[in-house]
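Have the viewer open and follow along as we go.

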Amino acid sequence: MMDELFEAARAAMAHAHAPYSRFPVGAAIRDETGRVHTGANIEVVSFPEGWCAETTAIGHMVMGGGRRIAEIAVIAEKMALCTPCGGCRQRIAEFAKADTKIHLCDETGVKLTMTMAELLPRAFEAEGFD
Ligand code: THU
C-alpha cells in the first residue's frame, strides 16, 4: 500500500512544471475510499503564483469526490525527505487527522513516516466556529 503511494508520487513528479526552481516535486494521496490522487508542483513566471505538488493533489482529491486524506506521500527529485511547506501543512490538515500518516520519500521509496500532528503541532482548527 505504502509502496503503491510512493510509486504514484514518483510518477506524478514527472508532470512537474518547474522551469524556474528546477525542483520537481510529486505527491500522492490515498483518500478515505482507497483511491489515489496525485499532483506535481506547477510554477508561474510571476513566481509567487506557483503552487506545490501537495496542493495539486488535494485539488484532484476534492474534485474526484474524496473528502479525507488517509495518507500522503511526498517526493522531490533533488532532496531526500522533502517535507511539505507551511502552507501545505495547513492545507493537508484541512482534510487529515492528527494521526494521518505523511510519508517522506527518497528516490528508492518511503524513508520516514510522520504524523500530521508531528508536522503541524497545535494546528489552527475550525473548532469554535459557528
Ligand atoms: N514544493 C512543493 O511542491 N512541495 C513541497 O513540499 C516543497 C516545495 C515546490 C514549490 C516550488 O515549485 C519548488 O518546490 C521549489 O520551492
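Which residues are linked with E4 in a network of salt bridges? The partners are R30 and E71, so that E4, R30 and E71 belong to one network of salt bridges. Before going further, please keep in mind that this is a predicted model.

**The charged network**

Let us take the two contacts of R30 in turn. E4 and R30 form a salt bridge in which the closest N and O atoms are 3.6 Å apart. Because E4 sits in helix 1 (residues 2-13) and R30 in strand 1, this pair ties together parts that are 26 residues apart in sequence. E71 also forms a salt bridge with R30, here with the closest N and O atoms 2.9 Å apart. That pair again links distant parts of the chain, since E71 belongs to strand 3 (residues 69-76) and R30 to strand 1, 41 residues apart.

A search of the whole structure gives 4 salt bridges. Another of them joins the side chains of R35 and D31, at 3.3 Å from N to O.

The table lists the values.

| Residue | Relative accessible area | Class |
|---|---|---|
| E4 | 43% | partly exposed |
| R30 | 5% | buried |
| E71 | 12% | buried |
| R35 | 36% | partly exposed |
| D31 | 1% | buried |

Strand 1 (residues 25-31) and strand 2 (residues 36-40) pair in the antiparallel sense, over 5 bridges. Within this pairing, R30 has V36 of strand 2 as its bridge partner, and G26 has A40 of strand 2. What do strand 1 and strand 2 form, and how many residues lie between them? They form a hairpin with 4 residues between them, and G34 in the turn has a positive phi of about 95°.

**The sheet and the helices on it**

Zooming out, 5 strands make up an open sheet of mixed pairing, in the order 2-1-3-4-5. Its edge strands are strand 2 and strand 5 (109-115), each of which pairs on one side only. From one strand to the next, the twist averages 20°.

**The largest pocket**

Which residues are closest to the centre of the largest pocket? This pocket has a volume of about 330 Å³. It is lined by 15 residues, and those closest to its centre are A93, E94, A96, F124 and E125. Helix 3 (86-94) and helix 4 (116-119) are the elements that give two or more residues to the lining. The largest share, 3 residues, comes from helix 3.

Terms used. Residues numbered from 1 in each chain as written. Predicted model: local features only at pLDDT ≥ 70, side-chain atom pairs only at ≥ 80, totals over all residues. Heavy atoms only, no water. Pairing = 2+ DSSP bridges. Buried < 20%, exposed > 50% of the residue type's maximum accessible area, 1.4 Å probe, protein only. Axes fitted to C-alpha atoms, helices over the stretch in contact; angles between N-to-C directions. 1 Å grid on protein atoms, 1.4 Å probe; cavity = no way out; pocket = protein on both sides within 12 Å on 5 of 7 lines; lining within 4 Å. Points joined across faces, edges and corners; volume = space filled by probe spheres on them.
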